Amino acid sequence: MVVEAAGGFEQLLAAGHERSRAFIRTRRRAEGLTDDRRAVGRLRDVTDLFSSYVQAGEQVLLSRPADR
């Protein structure tokens, strides 16, 4: 995978968020593939971590001046 920052910080962060959202969707689907409560808990912990990353990044994007 090649990531280019030609569009600037906002585009780079937005692309990272989209990849993270895809990862989150995959992990949520994986929860249904096991009956092991510990495994589900670990999946949710990592999913929550990535969800927090995306939410924090969205706040950064929203707080930046539009003219950048």
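Trainee: In which helix does T47 lie?

Mentor: This is a predicted model, in which local features need pLDDT of at least 70 and side-chain atom pairs count only at pLDDT 80 or more, while totals for chains, interfaces and linings use all residues. Residues are numbered from 1 along each chain as its sequence is written, and side-chain values use heavy atoms, with hydrogens and water left out. Helices (H or I, at least four residues) and strands (E, at least two) are DSSP runs, numbered from the N terminus. T47 belongs to the run of residues 37–63, which is helix α2.

Trainee: How many helices and strands does the protein chain have?

Mentor: The chain comprises 68 residues. Its count is 2 helices and 0 strands.

Trainee: Is T47 buried or exposed?

Mentor: Buried means under 20% relative accessible area, exposed over 50%, and partly exposed in between, with a 1.4 Å probe and protein chains only. The relative accessible area of T47 is 1%, so T47 is buried.

Trainee: Which residues are in contact with T47, leaving aside its neighbours within four places in sequence?

Mentor: Contact means heavy atoms within 4.5 Å. R28, a residue of helix α1, touches T47 and S51, not counting residues up to four places away in sequence. With sequence neighbours within four places left aside, the residues in contact with T47 are I24, R27 and R28.

Trainee: At roughly what angle do the axes of α1 and α2 cross?

Mentor: Two packed helices are described by the angle between their axes and the distance between the axes. Axes are lines fitted to C-alpha atoms, for helices over the stretch in contact, and angles run from 0 to 180 degrees between N-to-C directions. The axes of α1 (residues 9–31) and α2 come within 9 Å, and their crossing angle is roughly 160 degrees.

Trainee: How are α1 and α2 therefore oriented to each other?

Mentor: Angles under 35 degrees count as roughly parallel, over 145 as roughly antiparallel, 65 to 115 as roughly perpendicular and the rest as oblique. With an angle of roughly 160 degrees, α1 and α2 are therefore roughly antiparallel.
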